[in-house]
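Welcome! Please take a look at the sequence and the 3D model, and then let us walk through them together.

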Amino acid sequence: MFTLLSEGSAFSLITPDPGLAIWTVIIFVLLWVILGKFAFKPIANALKEREQSIESALKSAEAAKAEMANLTSKNEALLNEAKEERNKIIADAKKAAEQVKSDIVAKAQAEADAKVQQALREIDNQKRAALADLKNQVGVVALEIAEKVIRKELKGNAEQQAFVADLVKQTNLN
């Protein structure tokens, strides 16, 4: 089955033939030299370039990783600064709100005090006016009563006129 027949001689793939072995070695060496000169050097150069490219990429990746770590730490620092700034702004806003609140309360208290004082003054004025009015009414009533009493006692017109003149004099002196 592994035997080929050519011009009367038998060629077997399994049985070694020294001539075939020598030619196989010579062809292999020639092929090796040719491949070494024309194929292995470009392949080796390509592999070397690829290796350098990979090394360069790894270095770039390491640099990028270091830069990323640096940026991450800077971002964390910025985030912390932003949080501190936010807390400071909130604290300032609370402080300002408390100040505004106390100002409003103080202003309202002052306005309430002023209105109370104004109301007290108005009450006092009304009281004084009422007292004056009451005094006037009492005076009028007293005068009416006195007039009636005097009319009864002073029967003559001349006596009444003298009495009125005397009262007018006393009133002007007071």
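The structure holds one salt bridge. Arg128 and Asp124 are separated by about one helical turn because they lie four residues apart in helix α1.

The two partners also have computed accessibilities, where buried means under 20% relative accessible area, exposed over 50% and partly exposed in between (1.4 Å probe, protein chains only).

| Residue | Relative accessibility | Class |
|---|---|---|
| Arg128 | 55% | exposed |
| Asp124 | 30% | partly exposed |

This is a predicted model, in which local features need pLDDT of at least 70, side-chain atom pairs count only at pLDDT 80 or more, and totals for chains, interfaces and linings use all residues. Residues are numbered from 1 along each chain as its sequence is written, and side-chain values use heavy atoms, leaving out hydrogens and water.

Now for the overall layout. The protein has two helices and two strands, arranged along the sequence as β-β-α-α. These elements are DSSP runs numbered from the N terminus (helices: H or I, at least four residues; strands: E, at least two). Of the 174 residues, 1% count as buried.

Aromatic rings bring us to another spot. Phe28, Trp32 and Phe40 are linked into a cluster by ring pairs, and the structure holds two aromatic pairs. Rings of Phe, Tyr and Trp (its six-membered ring) pair if their centres lie within 6.5 Å. Val33 has its place in helix α1, which covers residues 18-153.

How confident is the predictor? The pLDDT, its confidence in each residue from 0 to 100, averages 86 over the protein, and 87% of the residues score at least 70. Among the elements, α1 has the highest mean pLDDT (92), while strand β1 (residues 3-6) has the lowest (48). Over residues 1-6 the pLDDT is below 50, and this stretch has nine contacts in the model beyond near neighbours in sequence; a contact means heavy atoms within 4.5 Å. Where pLDDT is low, the predicted coordinates should not be read in detail.

Conventions: Rings of Phe, Tyr and Trp (its six-membered ring) pair if their centres lie within 6.5 Å; planes under 30 degrees apart count as stacked, over 60 as edge-to-face and the rest as tilted. pLDDT is the predictor's confidence in each residue, from 0 to 100. A salt bridge is a side-chain nitrogen of Lys or Arg within 4 Å of a carboxyl oxygen of Asp or Glu.
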